[in-house]
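Subject: Structure for you to look through, with notes

Dear colleague,

Here is the structure I promised to pass on, and below it I have set out what was found in it. Please keep the view open while you read.

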Amino acid sequence: MRITDLEVRARFEQAALAVCEIETPGRAKPSIEVIAQKLHPIPLDERHAEAAAGRRVWVRDLDDGMAEITAALPAPLVYAIQDRLSQYACEITAAHREAAKTAEAADGTEINTTAEIVATDTRTMDQIRADVFADLLLTGHATAPISNGSIPETAAIVAQVQIIVPADTLTGRGTDPAELVGYGPIDPETARRLAATAEVWERVFTCPVTGAVEEVDTYRPSRAQRRHLDARDEHCRFPGCRRPARRCDHDHTIDAARGGPTALCNLANLCTRHHSMKHATAWTVVQKAHGILEWTSPTGRVFPDIPPPGPGIHRARRRRGCRTGTVLAPPARAATRRRRLGAGARPGRWCTMSSRDGPSGPAGRSIP
């Protein structure tokens with residue numbers, strides 16, 4: 001891209017030099033291209049639409065019985081194609097290593113033909129990518145014996161690309177270009193279309209002065225967070241519900257759409273029924289310290305829900321004032337106390353919740 005306006009060129013050079021002072025040439029190139037796109041007088045959307053109209057595929061003859069096929073496509077598609085071919089190649093290479101180990105362990109025992117082909121494969125990653133490229137275009141899936149031996153036709157491999165989109169561009173309020181990691185700037189419309197179909201979003205918070213990344217947040221909890229929540233909650237956290245955590249949703253107490261973070265202090269397990277109820281009815285919930293949820297009914301009554309205690313810990317709840325306490329007790333003493341607080345509990349004394357009746361106990365006993 002050529003910048004002919006002298007004033008704009010001076011601004012570009014100043015910004016580009018600042019990047020070059022702290023980055024290597026390979027890392028500086030995408031950042032400099034983003035700067036150039038922002039200073040271009042014609043919006044990137046318009047230029048990309050014109051360029052995409054010229055997409056095509058052509059063939060060039062080579063020597064020794066070879067030929068070269070080339071496709072001019074939007075950059076996200078090209079990088080997605082490369083990623084999918086690489087994933088296939090990695091799967092095939094891994095299958096080769098496993099088959100080689102099996103063949104070595106067989107020690108002369110007869111193995112099937114497909115396994116033998118997989119075990120003796122000596123192709124490089126580039127060669128495998130080229131073979132899978134031809135198989136996918138000609139048959140719709142990897143059909144060579146080596147591919148059939150490692151990847152079933154029904155095992156879909158999905159391409160992945162990473163896009164960095166400014167918040168204003170994502171919402172349509174801005175026109176700054178997005179960045180395709182590994183390539184450079186792409187037009188906002190393509191970025192929004194890819195974002196609309198993405199399974200995982202990561203929200204990146206940057207310093208408004210330096211632009212340095214300060215925090216990264218994603219909508220879906222990490223594996224470690226899910227394990228922590230399932231261990232802490234054990235079941236749905238609506239008062240009285242006992243549906244196991246493995247059958248629950250990981251709900252944001254403060255909706256992620258309203259700025260709620262994907263953090264343990266803002267996550268809890270809710271079954272599908274109570275997850276929907278939280279969003280579609282007048283019930284509200286606030287998460288306190290240590291994972292305590294405070295539910296408020298449409299009539300204004302408050303129902304605190306405390307995470308189940310660990311082994312050897314007995315938790316009691318007093319009817320008046322909704323005060324809570326945690327008492328260390330031996331297992332035998334805790335069992336005795338639970339029996340004492342059974343169906344014969346008197347009003348104003350300790351009481352328990354029923355897993356059957358929601359926020360009201362059995363026989364109509366109201367639970368605070």
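How many bridges join strand 3 to strand 4, and in which sense do the two strands run? Two bridges join strand 3 to strand 4 (residues 178–180), and the two run antiparallel; strands here, and helices likewise, are DSSP runs numbered from the N terminus, with at least two residues of type E for a strand and at least four of type H or I for a helix, and two strands are said to pair if DSSP finds at least two bridges between them.

Before going further, please note that this is a predicted model, in which local features need pLDDT of at least 70 and side-chain atom pairs count only at pLDDT 80 or more, while totals for chains, interfaces and linings use all residues. Residues are numbered from 1 along each chain as its sequence is written, and side-chain values use heavy atoms, with hydrogens and water left out.

Strand 10 and strand 11 form a hairpin with five residues between them, and H290 in the turn has a positive phi of about 60°. Four bridges join these two strands, and V285 stands opposite W295 in strand 11. Strand 10 has a covered face, made of V285 and Q287, and an uncovered one, made of T284 and V286. In a regular strand the side chains alternate between the two faces of the sheet. On its other pairing, strand 11 (residues 293–296) meets strand 12 over four bridges in the antiparallel sense, and there the bridge partner of W295 is F303.

P304 is found in strand 12 and counts as buried at 8% relative accessibility, buried being under 20% relative accessible area, exposed over 50% and partly exposed in between, with a 1.4 Å probe and protein chains only. The C-alpha atoms of P304 and E294 are separated by 4.3 Å, although the two are 10 residues apart along the chain.

What packs around it

The buried residues of helix 10 (residues 223–233) are Q225, L229, R232 and D233. Seen down the axis of helix 10, they fall within an arc of 80°, so they line one face of the helix; the arc is that of the directions from the helix axis to the C-beta atoms. R223, R227 and A231 are exposed on the other side of helix 10. The buried residues of helix 10 pack against strand 8, strand 9 and strand 10.

T253 lies in the loop between strand 8 (249–252) and strand 9 (267–270), and T253 is buried, with a relative accessible area of 10%. Leaving aside residues up to four places away in sequence, T253 touches N266, L267, K278, V285, V286, Q287 and L293.

Aromatic rings

A search of the whole structure finds five aromatic pairs, where rings of Phe, Tyr and Trp (its six-membered ring) pair if their centres lie within 6.5 Å, and planes under 30 degrees apart count as stacked, over 60 as edge-to-face and the rest as tilted. The rings of F238 and W295 have their centres 5.0 Å apart and their planes at 80°, so the pair is edge-to-face. F238 lies in the loop between helix 10 and strand 8 and W295 in strand 11, so the pair ties together parts that are 57 residues apart in sequence. F238 counts as buried at 3% relative accessibility, and W295 does so at 0%. F238, W283, W295 and F303 form one aromatic cluster.

Notes. Contact = heavy atoms within 4.5 Å.
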